[in-house]
Amino acid sequence: MHHLLLFVILVVLLVFLARVAYSIIWVPWVIARHFREQGIRGPSYRPIKGNTDEIRGMYAEVQSRPMALCHDILERVCPFYHKWSRPYGTTLLYWHGSDPRLVLSDPAMLTEILSTPRD
């Protein structure tokens with residue numbers, strides 16, 4: 001009886017670990033590969049936190065400096081896009097935890113997406 005209980009606990013633990021590995025490692029890898037095949041790149045995925053620490057640091061850095069008096073406020077409002085759009089392009093993929101975020105800035109693409117009826 002004691003061995004059966006240990007076996008059940010071990011199986012439950014293994015299933016839990018497999019589900020965690022699937023959702024934290026496998027699914028983001030498949031999503032990133034899917035977008036990479038379409039030519040959409042972005043900063044690499046970091047397990048559990050994604051790119052949130054990096055984004056938080058960018059906001060802190062930008063807000064620590066005085067704001068320039070001009071109409072170019074993209075760096076202040078959206079520093080991660082300002083920094084990442086140069087190496088990755090204007091359409092990019094970044095991670096909020098294990099959830100992907102797709103940034104679109106092409107007006108024609110946005111018009112098509114927003115005007116196409118859903119099924």
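Predicted model: local features only at pLDDT ≥ 70, side-chain atom pairs only at ≥ 80, totals over all residues.
Residues are numbered from 1 along each chain as its sequence is written, and side-chain values use heavy atoms, with hydrogens and water left out. The chain has five helices and two strands; helices (H or I, at least four residues) and strands (E, at least two) are DSSP runs, numbered from the N terminus.

**Overall layout**
- Reading from the N terminus, the elements go α-α-α-α-β-β-α.
- The chain's radius of gyration is 20 Å, well over the 14 Å that the globule rule gives for 119 residues, so the chain is more spread out than a compact globule. That radius is taken over C-alpha atoms, and the globule rule is 2.2 Å times the number of residues to the power 0.38.
- The C-alpha trace spans about 75 × 45 × 25 Å along its principal axes.
- Of the 119 residues, 21% are buried (under 20% relative accessible area; exposed is over 50% and partly exposed is in between, with a 1.4 Å probe and protein chains only).
- Among contacts (heavy atoms within 4.5 Å) with a separation of 6 or more, 50% come from residues 24 or more positions apart.

**Helix α1**
- Helix α1 covers residues 2–37, and its end C-alpha atoms sit 51 Å apart, which agrees with the 52 Å that its 36 residues should span at 1.5 Å a residue. The expected span is 1.5 Å times one less than the number of residues.
- There is a bend of about 40 degrees at Tyr22 in α1, taken as the angle between axes fitted to the seven residues ending there and the seven starting there.
- Pro28, Ala32 and Phe35 are the buried residues of α1, and they pack against β1 (92–96) and β2 (99–103).

**Cores and helix α4**
- The largest nonpolar core has nine residues: Ile55, Met58, Cys78, Phe80, Tyr81, Trp84, Leu92, Tyr94 and Val103. A core here is a set of buried Ala, Val, Leu, Ile, Met, Phe, Trp, Tyr and Cys residues joined through side-chain atoms within 4.5 Å.
- Two or more residues of this core come from each of α2 (52–64), α4 (79–88) and β1, with α4 giving the largest share, three residues.
- Apart from this core lies another one, of six residues, including Phe35, Ile40, Tyr45 and Leu93.
- Leaving aside neighbours within four places in sequence, Phe80 touches Ile55, Met58, Tyr59, Tyr94 and Val103.
- Buried in α4 are Pro79, Phe80, Tyr81, Trp84 and Ser85; the buried residues of this helix pack against α2, α3 (74–77), β1 and β2.

**The strand pair**
- β1 and β2 run antiparallel and are joined by five bridges (strands pair if DSSP finds at least two bridges between them).
- Four of the five residues of β1 are buried, and Leu93 stands opposite Leu102 in β2.
- The hairpin has two residues between the strands, and Gly97 takes a positive phi near 70 degrees there.

**Backbone spots to look at**
- Most residues other than glycine have a negative phi.
- Ile48 has a positive phi near 70 degrees; Ile48 lies in the loop between α1 and α2 and is exposed, at 61% relative accessible area.
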